[in-house]
Amino acid sequence: QVQLVESGGGLVQAGGSLRLSCAASGRTFSSYAVAWFRQAPGKEREFVATISSSGGSTYYADFVKGRFTISRDNAKNTVYLQMASLKPEDTAVYYCAARETRQYKYWGQGTQVTVSS
């Protein structure tokens, strides 16, 4: 089992950048693929990006358009989401999730990202 805690959210100006962190507990964290999701008020949760257990493979949602970068440091049990060129429509609660047996089984509590215009 793993426990996940997101941090790094806050209020930024449009065009700015922000780095989110997902800190995990558990000695087998390095064996899990991890993804970032987000949910805006009144909208459904949507996929943002994912990274393989080793960090060697990544995949992004189309709306990111090269603005976001997912990475991980297994020695620190942490996954990151570097966000650049932020837009007001990026405003949402951002969650990280760990995948087990092809399902995102473990979820953090989320961190709020607000982008002002």
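A disulfide here is a pair of cysteine sulfur atoms within 2.5 Å. The model is a predicted one: local features need pLDDT of at least 70 and side-chain atom pairs count only at pLDDT 80 or more, while totals for chains, interfaces and linings use all residues. Residues are numbered from 1 along each chain as its sequence is written, and side-chain values use heavy atoms, with hydrogens and water left out.

**View A. The disulfide of C22 and C96.**
Searching the whole structure turns up 1 disulfide. The sulfur atoms of C22 and C96 sit 2.0 Å apart, and the link is right-handed, with 65° about the S-S bond. C22 belongs to strand 3 (residues 18-25) and C96 to strand 9 (residues 92-100), so the pair ties together parts that are 74 residues apart in sequence. Strands (E, at least two residues) are DSSP runs, numbered from the N terminus. Both C22 and C96 are buried; buried means under 20% relative accessible area, exposed over 50%, and partly exposed in between (1.4 Å probe, protein chains only).

**View B. Strand 11 and its partners, strand 2 and strand 9.**
Strand 11 spans residues 111-116. T111, V113 and V115 make up its covered face, and Q112, T114 and S116 its uncovered one. Two strands count as paired if DSSP finds at least two bridges between them. Strand 2 (residues 10-13) runs parallel to strand 11 over 4 bridges, and S116 is the bridge partner of Q13. With strand 9 the pairing is antiparallel, over 3 bridges; here Q112 is the bridge partner of V93. So what you get on the uncovered face includes Q112 and S116, both of them bridge partners across to other strands.**View C. The salt-bridge network of R38, E46, R67 and D90.**
A salt bridge is a side-chain nitrogen of Lys or Arg within 4 Å of a carboxyl oxygen of Asp or Glu, and by that rule the count comes to 4. R38 and E46 meet through their side chains at 2.7 Å, N to O. R38 counts as buried at 6% relative accessibility, whereas E46, at 31%, counts as partly exposed. D90 and R67 form a salt bridge too, their closest N and O atoms being 2.7 Å apart. D90 lies in the loop between strand 8 (78-83) and strand 9, and R67 in the loop between strand 6 (58-60) and strand 7 (68-73), so this pair ties together parts that are 23 residues apart in sequence. Both D90 and R67 are buried.

**View D. The salt bridge of K105 and E100.**
The closest N and O atoms of K105 and E100 are 3.0 Å apart. E100 counts as partly exposed, at 23% relative accessibility.

**View E. The surroundings of T50.**
T50 is found in strand 5 (residues 46-51) and, at 15% relative accessibility, counts as buried. A polar atom of its side chain lies 3.1 Å from the backbone oxygen of V34. Leave aside the neighbours within four places in sequence, and T50 is in contact (heavy atoms within 4.5 Å) with V34, A35, S57, T58, Y59, I70 and Y104.

Notes:
A polar contact is a pair of N or O atoms within 3.5 Å; within protein, one must be able to donate a hydrogen and the other to accept it, and residues adjacent in sequence count only if both atoms are side-chain atoms.
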